[in-house]
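Okay, thanks for coming, everyone. I'd like to walk through one structure with you, starting with a pair of helices and ending with the cores. Let me put it up.

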Amino acid sequence: MTITGSRKVTVTASILLLVSLASSVLLLQRLDQLRSHATLEEVLYLTSPKWIKRLSLGYDGLMADIYWTRAVQYFGGHHSQGIEEFKLLDPLLEITTALDPKLTAAYEFGANFLAPKPPNGAGQPDKAVALVEYGVRNNPDNWRLYYNLGFIYYFDLKDYTRAAEAFERGSKTPNAHPFLRILAAQMAQHAGEIQMARMLWQTAYASTKDEQIQKNATTHLRALQVDEDVTELEKIVARYQELTGLLPSSFNALIGAGMLRGVPVDPRGKPYKLLPDGRIELRNPDDFPFVEKGLPPGYVAPRPKLD
Amino acid sequence: MSRVGYIAVNTFREAVRDRVLYNLVAFALLLSGAAILVGQISIDIERLVVVNLGLTAVSLFGVVIAIFIGIGLVSKEIDKKTLYTVLSRPVRRWEFVVGKFLGLSGTLFVNTFFMAIGVFAALLYVSTPHRFQSSDAWILVALFFIVLQFVILCSLALLFSSFSTPVESAVFTFALFVIGSFAEDLRGFARMSHGLTRWLATGAAYLVPNFSALNVIGQVAHGQPISAHLIAYNTAYAVAYSAMAICGAVLIFERRNLK
């Protein structure tokens with residue numbers, strides 16, 4: 001059987017096409033390995049948001065979306081690899097918000113990336129405040145930004161006066177969540193107490209539809225519950241010791257003394273441990289990131305997982 | 001000279017005779033001149049401005065030339081009926097396509113060569129003392145990558161012009177140029193998605209040309225070296241991708257009814 005010239009060309013071109021397609025895919029993978037941080041490197045060369053805005057030739061919105069996605073990738077990538085240095089996060093967020101000052105997600109989530117201590121965030125609460133303040137200047141009617149600001153002041157900077165001020169400012173915006181006024185009022189009396197922290201996280205949960213934020217709020221609320229439980233249980237143990245002169249051997253001793261109604265369980269339903277020295281410990285501390293009490297001595301929390 | 005060679009040389013001659021081409025080269029040189037003026041009114045960034053603006057001008061004008069000449073390579077020959085004269089001779093269709101591709105790539109190489117002289121002359125002018133630095137050699141790598149960009153664009157313009165109108169070809173090629181400039185972001189987005197979206201996005205991300213790895217203007221403007229691996233992979237990638245597009249063009253053109 002003889003192959004015509006045209007068919008020969010078709011077969012050769014088809015084979016060559018497939019080979020070159022496969023080669024280009026393989027080469028791209030090698031290039032990606034070689035330039036794993038390529039999209040971020042330009043931040044090192046073009047640091048001025050104003051310049052990037054000019055160079056975007058009016059397509060600011062699209063460029064802002066690209067930079068925001070880069071910021072998320074950068075934070076997520078570093079976080080999942082356990083890298084605790086986030087040098088480019090602030091410039092990326094600055095560029096994003098300069099390109100689109102109305103991109104509120106960049107302020108809300110960006111501040112959440114910047115403010116918490118490593119490994120949960122970049123540990124730059126001052127930069128988070130500056131970012132959200134810039135957001136407030138550009139979106140003065142968005143109550144969520146004031147709420148975020150108060151949140152950073154309260155949890156990351158422990159500056160309760162400024163937190164109260166932020167909530168107060170936010171409560172005056174149109175369509176503000178009614179909780180802001182309550183938070184501002186409660187702050188004066190209950191700053192630093194577990195009740196106040198619980199109220200803040202409950203508001204965080206109730207005021208969003210974002211699953212990640214709700215999950216984060218739930219984790220914090222569980223941690224607060226554990227802190228409260230452990231504090232209460234250790235008080236009961238101390239009271240038992242005062243009355244009997246002995247430390248309780250088990251929770252049954254406390255139940256027998258009428259001080260507890262049953263074996264206390266953590267928010268995930270596992271019983272707490274009562275140690276011979278009277279301390280209360282969590283059975284599985286890995287289930288409760290962010291807890292401050294009930295941890296074994298020298299316990300190092302595992303790196304939080306990103307879903 | 002082979003038949004492919006004759007077609008390539010003719011394509012080159014035709015492009016050089018084209019007045020639009022001369023205008024664009026002149027404009028690119030003018031832009032490099034403008035770089036000198038900008039450099040003089042800036043503080044301490046004269047060289048940076050000249051390299052950034054000069055290489056960007058070389059790239060943009062080359063892209064315009066590649067697209068606007070590339071899309072007319074086949075349609076012009078059909079409109080002028082010269083294609084029938086060529087194909088009535090012992091010239092195969094694939095030889096016509098490959099010859100056209102080589103001719104346009106050659107034109108762009110020569111164009112880039114003259115524009116590069118303009119950039120280096122401007123650089124020499126703003127340097128004090130008027131002398132090149134060793135890091136300026138990396139500008140040649142950036143120019144080489146720009147030529148690779150043009151080669152890919154030529155192949156794409158030829159691919160589209162083998163089955164669509166010049167306007168459609170221009171739109172498709174330009175769209176792929178823009179998308180390809182964000183190819184690394186695109187692959188990053190694909191990695192972040194899940195399920196079927198991830199597969200589709202990854203497929204699309206690998207199919208569009210990767211122009212982002214070929215853009216090292218910012219790096220060389222700061223005198224940063226370019227790794228030998230990057231040069232090798234980029235060259236191999238440009239060859240593979242252009243070959244793929246040219247093969248596509250050949251397959252389509254072989255079956256095209258030219259009556």
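Quick definition before we look: when I give an angle between helices, the axes are lines fitted to C-alpha atoms over the stretch in contact, and the angle runs from 0 to 180 degrees between N-to-C directions. Also, keep in mind that this is a predicted model.

So, in chain B, take helix α6, residues 93-126, and helix α7, residues 137-161. Their axes sit 9 Å apart, and the packing angle is about 150 degrees. Anything over 145 counts as roughly antiparallel, so that's what we call α6(B) and α7(B). The crossing itself is right-handed.

Who's touching whom? On the α6(B) side you've got, among others, V97(B), F101(B), L104(B) and L108(B), and α7(B) answers with residues including I146(B), F150(B), C154(B) and L158(B). By class, that contact has 13 nonpolar, 3 polar and 1 charged residues.

Beyond its sequence neighbours up to four places away, V97(B) touches L158(B), I246(B), A249(B), V250(B) and F253(B). V97(B) also turns up in the largest nonpolar core, which has 81 residues: along with A66(B), A142(B), L153(B) and C154(B), it touches the most other members. And α7(B) supplies the largest share of that core, 18 residues. There's a second, separate core of 64 residues, with L183(A) and I280(A) among them.

Last bit, the two chains together. Here 28 residues of chain B contact 27 of chain A. On the chain B side, α12(B) gives the most, 14 residues. By class, that side has 17 nonpolar, 7 polar and 4 charged residues.

Definitions and conventions. Residues numbered from 1 in each chain as written. Chains lettered and ligands numbered in written order. Predicted model: local features only at pLDDT ≥ 70, side-chain atom pairs only at ≥ 80, totals over all residues. Helix = DSSP H or I, 4+ residues; strand = E, 2+ residues; numbered from the N terminus. Parallel < 35°, antiparallel > 145°, perpendicular 65-115°, else oblique. Left-handed = near helix turned anticlockwise from the far one by under 90°. Contact = placed C-beta atoms within 7 Å. Nonpolar A, V, L, I, M, F, W, Y, C, P; charged D, E, K, R; others polar. Core = buried A, V, L, I, M, F, W, Y, C linked by C-beta atoms within 7 Å. Buried ≥ 20, exposed ≤ 12 C-beta atoms within 10 Å, placed from the backbone.
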